[in-house]
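User: I would like to go through some labels used for this model and ask what stands behind each of them.

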Amino acid sequence: MALSKGTLFDPILVTELIDGVKGKSSLAQLCGQEPVPFNGQKEFVFTMGSEANLVAENGAKPAGSVALAPVIINPVKIEYGARVSDEFMYAAEESRIDILRSFNDGFAKKAARALDIMAFHGKNPRTGLVSALLGTNYFDVGVQAAYEGALSSGQDANDLVENAIGLIGEGYDATGFAMAPSFRTKLSKLTLGTNNKQPRFPELGWGRAPGSINGLPVSVNSTVSFGSSTDYGIIGDFENAFKWGYSKEIPLKVIEYGCPDNDTEAGDLQGHNQVYLRCELYLGWGILDKNAFALLRSGAKGATGATGA
């Protein structure tokens, strides 16, 4: 059995890690994070089906319709580990911190991608397969989609965005748009008209990815079309209908013995003058109402299965 020594990132490294996740995850960019208890939490969503009632003096006040449904946010654990030379153990404190910062930066990028991949597609980022651990807590199921193949002749990528916005449920606004790089390219090629070749969105020229288009916050990220996904993007009310967060304790284990990565070919750590760094992060998220969002997809409706399947 491998022995391990558990440590924790110091507060500065923890802050840097989370800042790194915020900077590289589309969901983290479009929605502010809130701490999630390790044991999870319930978010209660009220649905009020009636409008407010105008009441005359001495008039009756009938009840409106209301529904209450809980959305449970349970953190899931992601991990990343790597072998490094055991000189790490003998390095001066400053050198160890430099190594940890490099590892920290790399893990932040992986954690950011993991949040998007899991919440967008319900997949284990390592295997690329849908994971039963995530249930239906992801956007690719239960969210209506606008399909490129369903558009009539002459319509373009801009129209696809407008069609998707039209699918967003009543009472919600489009506060953010996460798009795949391929869709950013489609938008960049749009012009003002047949005889006017001036770009409709010049801020997208030469691969640039601005923080907003037409006043709408956007984030361009390959996680949107991860794997074999046909998604071009997801648009909706990220500010009010999506929540995510992390547990503050982020363990970093420095493992000195055994084969913690289960790689028998790599052999025992001590036999190769190595130690193993493993970082684990607990992330939780919840889609409070899937009617607040819409997907943009390539192909015709039904080509990738019915909406919400």
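The questions below take up a few labels and their cut-offs.

Analyst: This is a predicted model, in which local features need pLDDT of at least 70 and side-chain atom pairs count only at pLDDT 80 or more, while totals for chains, interfaces and linings use all residues. Residues are numbered from 1 along each chain as its sequence is written, and side-chain values use heavy atoms, with hydrogens and water left out.

User: Why is cysteine 31 called buried?

Analyst: Its relative accessibility is 4%. Buried means under 20% relative accessible area, exposed over 50%, and partly exposed in between (1.4 Å probe, protein chains only), so cysteine 31 counts as buried.

User: What makes cysteine 259 partly exposed?

Analyst: Cysteine 259 has a relative accessible area of 26%, so it falls in the range in between.

User: How many disulfides does the structure hold?

Analyst: It holds zero disulfides, a disulfide being a pair of cysteine sulfur atoms within 2.5 Å.

User: Why is the pair of phenylalanine 120 and phenylalanine 139 called tilted?

Analyst: By the ring rule the count comes to eight aromatic pairs. Phenylalanine 120 and phenylalanine 139 lie 6.0 Å apart centre to centre, with 50° between the planes. Rings of Phe, Tyr and Trp (its six-membered ring) pair if their centres lie within 6.5 Å; planes under 30 degrees apart count as stacked, over 60 as edge-to-face and the rest as tilted, so this pair is tilted.

User: What makes the pair of phenylalanine 238 and phenylalanine 293 edge-to-face?

Analyst: The angle between their planes is 65°, so the pair counts as edge-to-face.
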